[in-house]
Amino acid sequence: MLDIKLIRKDRPAFEKGLARRNGTYDLGPLMEAEERRVAMQSELDGMRARLNEVSGEIGKLMREKKDATAIKAEMKGLSDSVKERETAYRAVENDITALALMIPNVPDASVPDGKSEEENVVVRSWGEPRQFTFTPKNHQEIGETLGILDLKRAAKISGARFALYRGLGAKLERALISFMLNTHTANGYEEVLTPFLVNAKSMTGTGQLPKFEEDLFKIEGGEYYLIPTAEVPVTNIYADEVLDGADLPKKFCAYTPCFRREAGTYGKVTAGIIRQHQFNKVELVKLAKPEDAMAELEALTADAEGILQKLELPYRVVALCTGDMGFASAKTYDIEVWLPSMNRYVEISSCSNFTDFQARRAGIRFKRDAKAKPELVHTLNGSGLAVGRTVVALLENYQREDGTVEIPKALRHYVGADSIGK
RNA sequence: GGAGAGGUGGCCGAGUGGUUGAAGGCGAUGGUCUCGAAAACCAUUGUGCGGGAAACCGUACCGGGGGUUCAAAUCCCUCCCUCUCCGCCA
């Protein structure tokens with residue numbers, strides 16, 4: 001959510017920022033409602049002041065055993081109209097909230113302009129795509145041949161876009177989760193294990209609701225949503241709290257499964273386990289002081305990259321352009337890993353600075369010192385990494401001509417094997 | 001699932017329907033004292049919104065929502081959450 005007070009001060013700046021995104025966002029209805037709200041509040045406050053004053057006088061009269069019937073009757077009228085106006089005021093407030101929740105974050109000045117992912121900017125690359133002396137297979141073929149991936153039976157159990165890992169495949173997935181969490185905790189992130197079902201308030205706090213409900217799985221009965229990312233439960237850990245500025249930045253890492261409807265993606269990658277309704281992910285989340293947030297984004301991205309470096313997987317980092325950035329983000333880097341079967345880089349992590357956008361929705365604040373006013377923190381997160389896609393990258397990049405797969409050195413003692421198959 | 005108790009300021013904890021934004025304690029902050037510290041003492045100490053350059057003024061908030069009343073932390077309804085006991089269960 002954007003800062004309505006700030007919009008009031010400099011509306012053109014916000015309009016310019018929003019215009020850089022895809023889609024058009026009209027601040028008109030929001031600000032008109034806000035103007036109405038302010039006028040209504042002045043009026044209401046005045047009425048309530050009068051009511052409070054006279055009520056005090058009535059109290060005095062009653063204690064002195066004097067008659068207050070007439071003045072009571074008069075106040076009944078005022079009291080009733082206050083209630084009427086309060087109802088109208090609440091309606092306007094609700095309108096404002098509903099409108100404000102649908103407006104995306106303003107892109108940071110450093111974000112490149114652009115309409116679509118075509119215009120994202122490659123920031124850096126690491127590692128060289130391997131030159132194969134044979135035709136590399138895709139991960140599905142490798143995995144099924146090795147008996148570590150059984151998508152047919154996953155489809156039988158659940159349906160399309162689900163995975164069944166077996167044997168060393170299952171162990172590889174588990175090993176990666178441990179490896180990632182251990183790496184991140186060594187870098188100062190606190191490991192947390194969160195609920196995988198959350199309420200609507202948490203989803204609203206991070207921005208999945210109300211606008212993107214169709215992307216989410218909702219539990220029948222209406223109480224809970226399955227998390228689409230650990231970002232939701234982790235960012236909301238300190239919702240409606242005031243943190244001590246000395247404790248910032250807060251750094252968390254968390255493993256969770258992620259559940260996504262993937263509605264409207266029928267045309268997109270269907271082969272293998274690239275795009276699933278359920279996948280595992282290790283997430284990094286930070287709560288930072290505003291002035292530190294951009295530097296923390298760089299550091300967080302580097303921490304995510306560290307995993308790929310240890311696994312010796314070639315990747316590149318891309319700065320998303322304004323047209324490709326997510327709803328809540330002010331700046332996003334995608335990390336893309338090289339996939340031989342597709343002969344291109346594919347997203348394996350997305351690292352974003354949400355500035356105060358989520359913090360305002362979720363009510364996450366901090367105090368610089370004991371006397372200071374509370375301020376909104378800035379929130380950040382990034383995948384560190386998507387585990388399923390890491391398996392894909394490992395299988396494809398480390399495949400041998402004989403169909404076996406080497407396990408990268410950093411992972412061997414987690415898996416307890418040097419290779420898969422043989 | 002059955003029975004009961006409770007949700008008040010950063011924390012603990014009072015609170016008879018009317019000078020209660022809320023006693024008291026702890027903590028925190030500033031000060032006095034001290035070579036310094038501790039202790040003691042004094043003072044200050046919530047958040048949102050509106051107005052104001054500011055001092056400050058107004059208003060709302062005692063789990064959420066609704067109601068009764070001139071007036072609600074206090075009464076009523078409802079929802080949520082926490083705790084205790086019994087049952088069941090990973």
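Modeller: Sorted by class, the surface near RNA strand B has 14 charged residues, eight nonpolar ones and six polar ones. Keep in mind that this is a predicted model, so read the distances below as computed from it. In total, 28 residues surround RNA strand B, and the closest are Arg8, Gln41, Asp45, Ser79 and Lys371.

The side chain of arginine 90 has an N or O atom 3.1 Å from a phosphate oxygen of RNA strand B. Serine 42 puts a polar side-chain atom 3.4 Å from a sugar or linking oxygen of the RNA strand, and arginine 365 has one at 3.2 Å from a sugar or linking oxygen of RNA strand B. As for where the surface comes from, the elements that give two or more residues to it are helix 1 (4-9), helix 3 (28-63) and helix 4 (69-101). Helix 3 supplies the largest share, with 15 residues.

Let's stay with arginine 365 for a bit. Arg365 sits in strand 11 (residues 364-367), on the uncovered face together with Lys367. The covered face of strand 11 holds Ile364 and Phe366.

Now the pairing itself. Strand 5 (residues 241-244) runs parallel to strand 11 in their pairing, which covers four bridges. Within that pair, valine 242 has arginine 365 as its bridge partner. On the other pairing, strand 11 and strand 12 (residues 375-376) are antiparallel, over two bridges. There, leucine 376 is the bridge partner of arginine 365, and glutamate 375 stands opposite phenylalanine 366. Put together, arginine 365 has bridge partners in valine 242 and leucine 376, while a polar atom of its side chain lies 3.2 Å from a sugar or linking oxygen of the RNA.

For contrast, here's a spot described by its protein contacts. Asparagine 120 lies in the loop between helix 4 and strand 1 (121-126). Is Asn120 buried or exposed? Its relative accessible area is 16%, so asparagine 120 counts as buried, the cut-off being under 20%. Leaving out residues up to four places away in sequence, asparagine 120 touches Val318, Ala319, Leu320, Cys321 and Asp324. Two of these come with polar distances: a polar side-chain atom of asparagine 120 lies 2.8 Å from the backbone nitrogen of cysteine 321, and a polar contact of 3.0 Å joins its side chain to that of aspartate 324.

Stepping back to the whole chain, chain A comes to 13 helices and 15 strands. Its C-alpha atoms fill a box of roughly 100 × 45 × 40 Å along the principal axes. Of the 422 residues in chain A, 49% are buried. Among contacts between residues at least 6 apart in sequence, 73% join residues at least 24 apart. The accessible surface of chain A is about 20,400 Å², with 50% of it belonging to carbon and sulfur atoms.

Methods: Residues numbered from 1 in each chain as written. Chains lettered and ligands numbered in written order. Predicted model: local features only at pLDDT ≥ 70, side-chain atom pairs only at ≥ 80, totals over all residues. Heavy atoms only, no water. Near = heavy atom within 4 Å. Polar contact = N/O pair within 3.5 Å; in protein donor to acceptor, adjacent residues only side chain to side chain. Nonpolar A, V, L, I, M, F, W, Y, C, P; charged D, E, K, R; others polar. Buried < 20%, exposed > 50% of the residue type's maximum accessible area, 1.4 Å probe, protein only. Contact = heavy atoms within 4.5 Å. Areas by Shrake-Rupley, 256 points an atom, 1.4 Å probe, with all protein chains shown as cover. Pairing = 2+ DSSP bridges.
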